[in-house]
Amino acid sequence: MKRPLLFLLLVVCSVSPVLAQRHVPRPRLWSQGPLRYDDFRGRPAGEADGSFADFSFGFRQVYDTVDHIVLPRLKAWGTMKSYASWMLPGSRNATRLRYHQQQFDLVERARQELQSGLDRGNYDPQSLFAHADDRLAQRLALLDSLSSYGTDSAALSRWQAYADTTFGPLAAQADSLPPLRLGWMGEFHFFMGMRSFRGSLDDCFRPSVDFALLCAALYGHHMLAFDFGFGVAPLRDSVFTADSYFYTDRPATDLRILFEYGFRLVDRRHWSLTPFVGGGFHILDQSEEDDEFSVSTSTFGGGLLLQWRYAMGFDALNGATVGRSDFDLSARLSILRSTFSDIIGRPSGWGIYLQFGVGFGYGTYRHRR
């Protein structure tokens with residue numbers, strides 16, 4: 001029985017130092033309430049006098065998730081390092097504790113002011129922090145000067161009244177950042193693919209290549225787009241109008257000018273899906289320099305836009321705004337209904353456009369309080 005017990009003791013002794021090394025003391029937050037004597041857990045140097053509170057102030061990049069997309073943000077922080085702060089037995093009194101609490105109040109004021117500035121986005125974050133850090137250092141120096149470094153109790157009372165009047169009462173603020181929502185976003189796409197008519201239009205024109213340019217503006221999940229399509233429409237047979245006819249030895253040009261509305265059902269890190277509807281003008285043109293000839297009609301329809309995020313980048317502009325840039329590989333299926341009354345026989349039918357392309361986008365995420 002002695003050998004298993006000895007083995008167990010050896011295991012415990014070998015694991016305990018590893019666990020101790022992994023223990024990282026957490027910083028003391030202002031939101032945890034007023035300071036207490038046991039918040040000063042550090043060991044002073046041999047020549048140390050009085051007490052000392054170690055505060056840290058700054059901002060860092062944190063991450064948030066919106067629609068399965070991880071976004072960087074900027075968050076201000078202000079903490080006290082309990083294990084680097086100390087208070088000698090002779091300084092453990094209410095006046096000294098109050099002095100360090102007022103220091104911590106100034107740090108918290110600086111944190112809230114910095115976060116407010118980051119949320120407004122009026123300045124470069126580094127410049128904003130440098131200004132806030134200088135202001136905090138000046139306030140701390142003023143507190144030290146007026147209170148004789150925390151030894152004058154009456155001066156600390158006057159300082160509290162001065163701080164409340166000058167800076168306003170200090171109230172707790174939520175440590176979490178307000179939620180982000182995708183605001184405005186612009187996209188530009190170029191497509192290339194095939195077009196095929198169905199119905200009586202198929203009796204007049206053969207399938208062929210097609211191109212499209214799409215400019216879209218999105219707000220949240222809503223999309224408004226301008227779509228300009230152009231392609232080749234070779235003739236199967238003679239096509240007549242009341243005044244002229246299409247030449248069969250050369251193709252016509254298929255032109256479309258459309259305005260579309262879509263709703264982005266899915267917008268994730270790697271892909272998005274947007275069904276859309278729209279309408280506009282459909283033109284079949286066979287004009288030459290000295291001979292203008294075209295027919296036009298209104299058209300309507302809809303389709304699906306599928307985007308694969310080949311690359312997505314983010315820029316934390318400030319605490320409330322995140323810039324987003326996309327480079328997408330896209331596929332689009334569009335179906336348009338057209339009836340050409342100017343062509344004898346009023347041919348009509350559905351135009352089916354299957355296209356593949358690339359897209360670029362830029363937008364911003366903003367918080368809504």
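Strand 3 (69–87) and helix 2 (94–120) each put at least two residues into the lining of the largest pocket. Helices (H or I, at least four residues) and strands (E, at least two) are DSSP runs, numbered from the N terminus. Before I go on, the ground rules. This is a predicted model: local features need pLDDT of at least 70, side-chain atom pairs count only at pLDDT 80 or more, and totals for chains, interfaces and linings use all residues. Residues are numbered from 1 along each chain as its sequence is written, and side-chain values use heavy atoms, with hydrogens and water left out.

Back to that pocket. A pocket here is an open set of points on a 1 Å grid over the protein atoms alone, with protein on both sides within 12 Å along at least five of seven lines; a cavity is a set where a 1.4 Å probe fits but cannot get out; lining residues have an atom within 4 Å of a point. Points are joined across faces, edges and corners, and a volume is the space filled by probe spheres set on them.

The largest pocket comes to about 190 Å³. It has 14 lining residues, and the closest to its centre are Leu-29, Ser-31, Gly-78, Arg-111 and Asp-175. Which element gives the most to this lining? Strand 3, with five residues. By class, the lining has five nonpolar, four polar and five charged residues. For the classes, Ala, Val, Leu, Ile, Met, Phe, Trp, Tyr, Cys and Pro are nonpolar, Asp, Glu, Lys and Arg are charged, and the others, Gly among them, are polar.

Next, the second largest pocket, at about 150 Å³. Of its 11 lining residues, Arg-26, Pro-27, Gln-32, Arg-41 and Ser-82 are the closest to the centre.

How many cavities of 30 Å³ or more does the search of the whole structure find? Two. The largest cavity has a volume of about 60 Å³. Its lining includes Asp-227, Arg-256, Arg-332 and Tyr-353. Strand 9 (252–263), strand 13 (321–339) and strand 14 (348–367) supply at least two residues each. That lining has five nonpolar, two polar and four charged residues.

The second largest cavity is about 30 Å³. Among its lining residues are Val-277, Gly-278, Gly-279, Gly-301 and Gly-302. Strand 11 (271–285) gives the most, with four residues. Strand 9 and strand 12 (294–316) also supply at least two each. By class: four nonpolar, four polar, one charged.

On to the surface. Phe-300, Leu-333, Ile-335, Trp-350, Leu-354 and Phe-356 form a nonpolar patch with about 560 Å² of accessible area together. Patch residues have over 30% relative accessible area and no salt bridge; like charges are joined within 9 Å, nonpolar side chains (Val, Leu, Ile, Met, Phe, Trp, Tyr) within 5 Å. A salt bridge puts a side-chain nitrogen of Lys or Arg within 4 Å of a carboxyl oxygen of Asp or Glu. Areas are Shrake-Rupley with a 1.4 Å probe; for residues, only the protein chains shown count as cover. Strand 14 gives the most to the patch, three residues. Phe-300 sits in strand 12.

Last, the rings. The structure holds 20 aromatic pairs. Rings of Phe, Tyr and Trp (its six-membered ring) pair if their centres lie within 6.5 Å; planes under 30 degrees apart are stacked, over 60 edge-to-face, the rest tilted. One of the pairs is Phe-55 with Phe-104, tilted, at 5.2 Å centre to centre and 40° between the planes. Phe-55 is in strand 2 (residues 51–66) and Phe-104 in helix 2, so this pair ties together parts 49 residues apart in sequence.
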